[in-house]
Amino acid sequence: FILFPGAGHVPVKLSHMKRKMNEEIAWIDRYLLGKEKEVDEAFDEKSPLAYGLKKASAARTGRLLGEMVDGVLVPETAEIAGVLAGRFEVTRAQFASFDDSYMIPEGTENWPASGITFNEAADYCKWLSEKTGRKFRLPKEKEMENLISAAASNASNENNLDWWAGYAVTPDEVPYVMAKIAELEEHGLLLKECGSFPPVEGKTGVPPLWDLGGNVSEWTVAVDDQGKILGLSAVSPHDKRCEYSPPPPAYTGFRVILEK
């Protein structure tokens, strides 16, 4: 028995009608088809709690993101847009395993490594491949474009300029918002811990990826084999009418690709 508030014998509100239909389908599943599915109606699959649970399933070594392979903290990968890409941007702790001179402010080990040059990112991938026996590399330009395209619908939920401004920034408004950001006068202050915002979901059963539409822009290998920065950062607007320009080094990092 289900009682709909304010309803008589027949529900008249659209939401009540939908609930009635869903309950009838559930009754058929339960008693005629024997395939009852437990549904927690108090749990929203798109809530911060849901995203937190998904991030909790990511590989960790202690409190650090990544898996330990032969004594090296390695980025975890998952398949999206036809490639095995890092589930997160390479973290500061992961990069510091390669470059012990890389300074990490206390408590930011799981933040994305930033201020990274193209050569440093490429050398990291080469070093990681040698250490693990796996083939890691930077994304090719087309691959990164495909990743960005797969994450396009999620950009409004990520750590980019629109989030900090609190609204969808238009091209005319970008200089004014950036002038305010300049008052902070701290490099990378707007960066967040990897995975702080909703992820990009891939195929069913495939772990999600984070920060494809924000945090740091990422190095890729262009068609001429030179480095090229693509993607949004914490200081990039996501309005397609805004002319794209690479962010300052403090908002530039990278993500690895694992060869299948």
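This is a predicted model: local features need pLDDT of at least 70, side-chain atom pairs count only at pLDDT 80 or more; totals for chains, interfaces and linings use all residues.
Start inside. The largest nonpolar core has 21 residues. Phe95, Tyr124 and Phe254 have the most contacts inside this core. Two elements, β4 (72-74) and α4 (118-132), each supply at least two of the core residues. Helix α4 gives the most, with six residues. Tyr124 shows how parts of the chain meet here. Leaving aside neighbours within four places in sequence, Tyr124 touches Leu73, Pro75, Val90, Gln94, Phe95, Phe98, Phe254 and Val256.

Four strands form an open sheet in the order β5-β6-β11-β7, and their pairing is antiparallel. Strands β5 (77-80) and β7 (136-137) are the edges, since each pairs on one side only. Further in, β6 (residues 83-86) and β11 (residues 257-258) are joined by two bridges. Here Ala85 stands opposite Ile257 of β11.

Next, the surface. Trp27, Ile28, Tyr31, Leu32 and Leu33 make up a nonpolar patch there. Together they have about 560 Å² of accessible area. Leu32 sits in the loop between α1 (14-31) and α2 (48-56). Leu32 counts as exposed because its relative accessibility is 59%, and the cut-off for exposed is over 50%.

The model has 15 salt bridges. One of them joins Glu23 to Arg19, at 2.8 Å from N to O. These two residues are four apart in helix α1, so about one helical turn separates them. Both are partly exposed: Glu23 has 25% relative accessibility, and Arg19 has 32%.

Another salt bridge links Arg255 and Glu89, whose closest N and O atoms are 3.9 Å apart. Arg255 is in the loop between β10 (252-253) and β11, while Glu89 is in the loop between β6 and α3 (92-98), so the pair ties together parts 166 residues apart in sequence. Arg255 is buried, at 0% relative accessibility. Glu89 is also buried, at 0%.

A further pair, Glu259 and Arg137, meets at 2.6 Å, N to O. Glu259 belongs to the segment after β11 and Arg137 to strand β7, 122 residues apart. Glu259 is partly exposed, at 36%, whereas Arg137 is buried, at 15%. Finally, shared partners join Glu89, Glu218 and Arg255 into one salt-bridge network.

Methods:
Residues are numbered from 1 along each chain as its sequence is written. Side-chain values use heavy atoms; hydrogens and water are left out. A nonpolar core is a set of buried Ala, Val, Leu, Ile, Met, Phe, Trp, Tyr and Cys residues joined through side-chain atoms within 4.5 Å. Buried means under 20% relative accessible area, exposed over 50%, partly exposed in between (1.4 Å probe, protein chains only). Contact means heavy atoms within 4.5 Å. Patches are made of residues with over 30% relative accessible area and no salt bridge: like charges are joined within 9 Å, nonpolar side chains (Val, Leu, Ile, Met, Phe, Trp, Tyr) within 5 Å. Accessible areas come from the Shrake-Rupley method with a 1.4 Å probe; for residues, only the protein chains shown count as cover. A salt bridge is a side-chain nitrogen of Lys or Arg within 4 Å of a carboxyl oxygen of Asp or Glu. Two strands pair if DSSP finds at least two bridges between them.
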